[in-house]
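Hello,

Here is the structure I promised to pass on to you.

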Amino acid sequence: MQDADHRFLALGDSYTIGEGVPEHQRWPSQLVARLRAAGVGIADPQIVACTGWTTDELGAAMDAAQFQRPYALATLLIGVNNQYRGRPLDEYREQFRNLLQRAIALAGDDPRHVLVISIPDWGATPFARRPGRDPESIAALIDGFNAVAHEAADTQGTCFVDITAISRDPRYRHLLVADDLHPSGAQYARWLEAIEPVAAEILTR
């Protein structure tokens, strides 16, 4: 489809709003630029995301947001702050499932137009190597949260893209902003190597 009015909704937290990077380097903005360069019509992203949000905080923000459905592409990347705050995995499972159902509804009740993106591993960053933190434990917990998200995506018939491996890759994990925690625009560009092909396929359905 070649339609600049195709709407794109990106739901999430710091990784979607692009903490520490300019707007054009956020991965949703980079994705739009790449898709347009490839001849795929898509509107600027509507981003409902904020640094620090957990699943329940994203849900509350969605309650207050105004949406223009249907979205041809809706993405969901959420959960790192649930893990960081020590919130229960069972709570995440329930709240993530609810968020995913809402994303599907906003995508015209078509799960094929929803893309779940895995949580990157902040345990691979210098921030996680500070005293009192255990990168290996963080990685194991992130894997558990991602398993829940992946299962929900499979159950509800949405797409799932794993960018966690990219965040752990020694070639890219150093691509961070000044806080030594959040990805830089260069690392987000690496994420898009996994995200863009799936998003492009979604937009042709």
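P70 sits in the loop between α3 (55–64) and β3, and the peptide bond that joins R69 to P70 is cis, with omega at about 5 degrees. Please keep in mind that this is a predicted model, so every value here is computed from predicted coordinates.

D109, in the loop between α5 and β4, has a positive phi of about 60 degrees although it is not a glycine. D109 is exposed, with a relative accessible area of 58%. D180 is found in the loop between α7 (164–168) and α8; its phi is also positive, about 60 degrees, and D180 is not a glycine either. At 33% relative accessibility, D180 counts as partly exposed. A glycine comes up too: G39 follows α2 and has a positive phi near 90 degrees.

Now the overall picture. The protein has eight helices and five strands, and from the N terminus on they run β-α-α-β-α-β-α-α-β-α-β-α-α. The radius of gyration is 16 Å, close to the 17 Å that the globule rule gives for 205 residues, so the protein is as compact as a globular protein of that length. Along its principal axes the C-alpha trace spans about 50 × 35 × 30 Å. Among contacts with a separation of 6 or more, 75% are between residues 24 or more positions apart.

How much of the protein is buried? Buried residues make up 53% of the 205. The protein exposes about 9,000 Å², and carbon and sulfur atoms supply 49% of that area. In soluble globular proteins, nonpolar side chains tend to be buried together. Here the largest nonpolar core has 63 residues, and those with the most contacts inside it are W27, L31, L58, F96, W122, W191 and I195.

Two of those names, W27 and L31, belong to helix α2 (residues 27–37), whose buried residues are W27, P28, S29, Q30, L31, V32 and L35. The cover over them includes β1 (8–12), α1, β2 (45–49), β3 (73–77), β4 (114–117) and α8.

Strand β1 is also where L11 is placed. At 1% relative accessibility, L11 counts as buried. Leaving aside neighbours within four places in sequence, L11 is in contact with T16, V48, L58, M62, T75, L76, L77 and A103.

A search of the whole structure finds eight aromatic pairs. In one of them, the rings of Y15 and W191 have their centres 6.1 Å apart and their planes at 55 degrees, so the pair is tilted. Y15 lies in helix α1 (residues 14–17) and W191 in helix α8 (residues 185–202), so this pair ties together parts that are 176 residues apart in sequence. Both partners are buried: Y15 has a relative accessible area of 4%, and W191 has 0%. Ring pairs also bring in Y188, linking Y15, Y188 and W191 into a cluster. Beyond neighbours within four places in sequence, W191 is in contact with Y15, W27, L77, P120, I163, I166 and P183.

Another tilted pair is Y92 with F96, at 5.4 Å centre to centre and 40 degrees between the planes. Y92 and F96 both lie in helix α5 (residues 89–106), four residues apart, about one turn of the helix. An α-helix has 3.6 residues a turn, so residues three or four places apart point the same way. Y92 counts as buried at 0% relative accessibility, and F96 is buried at 1%.

Is N146 buried or exposed? N146, placed in helix α6 (residues 135–156), is buried, with a relative accessible area of 8%. The side chain of N146 makes a polar contact of 3.1 Å with the side chain of T164. Neighbours within four places aside, N146 is in contact with S118, I119, F160 and T164.

Happy to talk any of this through.

Best wishes

Notes:
Residues numbered from 1 in each chain as written. Predicted model: local features only at pLDDT ≥ 70, side-chain atom pairs only at ≥ 80, totals over all residues. Heavy atoms only, no water. Phe/Tyr/Trp six-rings, centres within 6.5 Å; stacked < 30°, edge-to-face > 60°. Helix = DSSP H or I, 4+ residues; strand = E, 2+ residues; numbered from the N terminus. Buried < 20%, exposed > 50% of the residue type's maximum accessible area, 1.4 Å probe, protein only. Polar contact = N/O pair within 3.5 Å; in protein donor to acceptor, adjacent residues only side chain to side chain. Contact = heavy atoms within 4.5 Å. Rg over C-alpha atoms; globule rule 2.2 N^0.38 Å. Areas by Shrake-Rupley, 256 points an atom, 1.4 Å probe, with all protein chains shown as cover. Core = buried A, V, L, I, M, F, W, Y, C linked by side-chain atoms within 4.5 Å.
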